[in-house]
Amino acid sequence: MFQRKWDTGEAPIDHEPAARLVDRRINSVDLCVVDLETTGFRKTDRVIEIAVRRMRLDGTVVSEYETLVNPGRSATDSTHVHGISDRHLVDAPVFAEVAGDLANVLNDSVLIAHNASFDAKFWDAELARIQRSRKQDFVCSLLLSRRLLPLAPSHKLGVLVEYANLPVAGRYH
């Protein structure tokens, strides 16, 4: 009779503890959905708003963080996109003043952003200005939506929310 290399006649290995460990590790990972607003789209533009929602894989919200950021320059070129004007930013903290709080919120999480290459570019530029760097990569929900919802009429956030029949929780731009 043919005996497989792993079939030694000994009691089978109980993989259940390992499976529980993997499940526990996966379920202990938090997701941080990040959205940045900026003074524009150029490399030299600056972050003016940061919003982060930290949650568990089951969707339970762990914490939320939102702040305006004083870019040290005018934001009037992009006010039509996000509605944030210079008067909103005049008393806001600069990025260096919020970086520590952000690091605490984002610590050991998976970062998610819609059109992550945009957010990552500005995130990295702001961190570089204070001699810091990002620890995690971003997962791009725009790319995921194109993969998972190929028949959606558009992959803009607002359209996806409507297409997936999700509750509306704010303005999407």
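Which residues lie nearest the centre of the second largest pocket? In this predicted model, they are A103, L106, R132, S133 and K135, from a lining of 13 residues. Local features need pLDDT of at least 70, side-chain atom pairs count only at pLDDT 80 or more, and totals for chains, interfaces and linings use all residues. Residues are numbered from 1 along each chain as its sequence is written, and side-chain values use heavy atoms, with hydrogens and water left out.

A pocket is an open set of points on a 1 Å grid over the protein atoms alone, where a 1.4 Å probe fits and protein lies on both sides within 12 Å along at least five of seven lines; lining residues have an atom within 4 Å of a point. The second largest pocket has a volume of about 190 Å³, taken as the space filled by probe spheres set on the points. Helices α4 (95-106) and α5 (116-129) each supply at least two lining residues. The largest share comes from α4, with five. Helices are DSSP runs of H or I with at least four residues, and strands are runs of E with at least two. By class, the lining holds seven nonpolar, three polar and three charged residues. Asp, Glu, Lys and Arg count as charged; Ala, Val, Leu, Ile, Met, Phe, Trp, Tyr, Cys and Pro as nonpolar; the others, Gly among them, as polar.

The whole structure contains four aromatic pairs. Rings of Phe, Tyr and Trp (its six-membered ring) pair if their centres lie within 6.5 Å; planes under 30 degrees apart are stacked, over 60 edge-to-face, and the rest tilted. F41 and F118 form a tilted pair, 6.0 Å centre to centre with 55 degrees between the planes. F41 lies in the loop between β1 and β2 and F118 in helix α5, so the pair ties together parts 77 residues apart in sequence. F41 is exposed at 58% relative accessible area, whereas F118 is buried at 19%. Buried means under 20%, exposed over 50%, and partly exposed in between (1.4 Å probe, protein chains only). W123 and F138 pair edge-to-face, at 6.5 Å and 85 degrees. This pair links helix α5 to strand β5 (residues 138-140), 15 residues apart. Both W123 and F138 are buried. F41, F118 and F122 form one aromatic cluster.

R46 sits in the loop between β1 (30-38) and β2 (47-55). Beyond neighbours within four places in sequence, R46 contacts (heavy atoms within 4.5 Å) residues including F122, E126 and R129.
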